[in-house]
Amino acid sequence: MKRLISTLLTVMMVFTLATPAFAIEASNDRFTTISNAFGIPTDALYTLDSATINSLYIDAVNNTLISSNDTYVKVETTEAGDMIMYEATYNQYLQETSSRISKTDESSGWMRFHTTVFEVDSRTGQASCAFTWLTPPSPRMKDVIGVSLRQGTVNYDTANGFYTHSSPNDNYSYTFKARDMEETGAGVTANFKLRLSDYVYDTHDYAFLRFNFTKEGTSEGVNGTYAHQKLSIAFNPSFSIDRYGVISASGGFSIVNYYVQEKGYVSINWQ
């Protein structure tokens, strides 16, 4: 009897110890699936709540990937002190970052936009873009992201997204609320504050935005746009994005005086 009890206790201990390992493995599998589908780095996913993770995973598994594209973008301050933002290449990114003299160099920075289109059903698509700062952003103020359609119409109240930040002493995530987003038939924008950090270079910042839309025609396209604030503003304008991926501000406010922006693009050919 003692031997039987001992055996049962041993088996129970094995299953008890194994359960967390299975849970971690399952979680890692889900993160990999989400990252491969939407281009969101796995380390950003660890900061998100379970509801957001479940929603992303369900869409990644149930929807059909139509097309995706990576765009590498450089943010640079010229000798004249002007900030510019433009599309570059992955090889240029590798070359510059490998030869970077100092990790604390804030005169230039790099981003990756991963723009994706899924088919939800015969009439509905899903557009998204994951924005990854490959080097720390500077300055850290209020930035704006947008996703827009060349054709098609946004399905209202389907937009959602988030911003995350991590550094050695801080892990932060913020899920966009209705007040942060502006929806039109052409696209959606979301604005958020970049998290201030005690660290100049050992930081990681990500943003993500998606929505469902009604298909129109057999060939369409999706823009993913990032507007980075370069100068402070005394008021809070609202933002919108057009079908060409250009973000603008409300009330006659000239966005080019305070923001630089660039876009990624992915084409769609419905089968």
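The model is predicted, so local features need pLDDT of at least 70 and side-chain atom pairs pLDDT 80 or more, while totals for chains, interfaces and linings use all residues. Residues count from 1 along each chain as its sequence is written, and side-chain values use heavy atoms, without hydrogens or water.

**Stop 1: helix H3**

Select residues 50–62, helix H3. Helices here are DSSP runs of H or I with at least four residues, strands are E runs of at least two, and numbering starts at the N terminus. The expected span is 1.5 Å times one less than the number of residues.

Now colour Thr 52, Ile 53, Leu 56, Asp 59 and Ala 60, the buried residues of H3. They cover an arc of only 135° around the axis, which puts them on the same side of H3. That arc is taken from the directions from the helix axis to the C-beta atoms. Buried means under 20% relative accessible area, exposed over 50%, and partly exposed in between (1.4 Å probe, protein chains only).

Turn to the face away from the buried side. Ser 50, Ala 51 and Asn 62 are exposed there.

**Stop 2: strand S11**

Select residues 204–214, strand S11. Nine of its 11 residues are buried. Two strands pair if DSSP finds at least two bridges between them.

- S4 (residues 124–133) runs antiparallel to S11, joined by 10 bridges. Cys 129 has Leu 209 as its bridge partner.
- S7 (residues 160–167) pairs antiparallel with S11 over seven bridges.
- Val 154 is bridged to Phe 213.

**Stop 3: salt bridges**

A salt bridge puts a side-chain nitrogen of Lys or Arg within 4 Å of a carboxyl oxygen of Asp or Glu. The count is five.

Show Asp 59 and Arg 210: their closest N and O atoms are 2.5 Å apart. Asp 59 is in helix H3 and Arg 210 in strand S11, so this pair ties together parts 151 residues apart in sequence. Asp 59 is buried at 17% relative accessibility. Arg 210 is buried at 2%.

Next, select Lys 74 and Glu 96, a salt bridge of 2.6 Å, N to O. Lys 74 lies in strand S1 (residues 64–77) and Glu 96 in helix H4 (residues 90–98). Both residues are buried.
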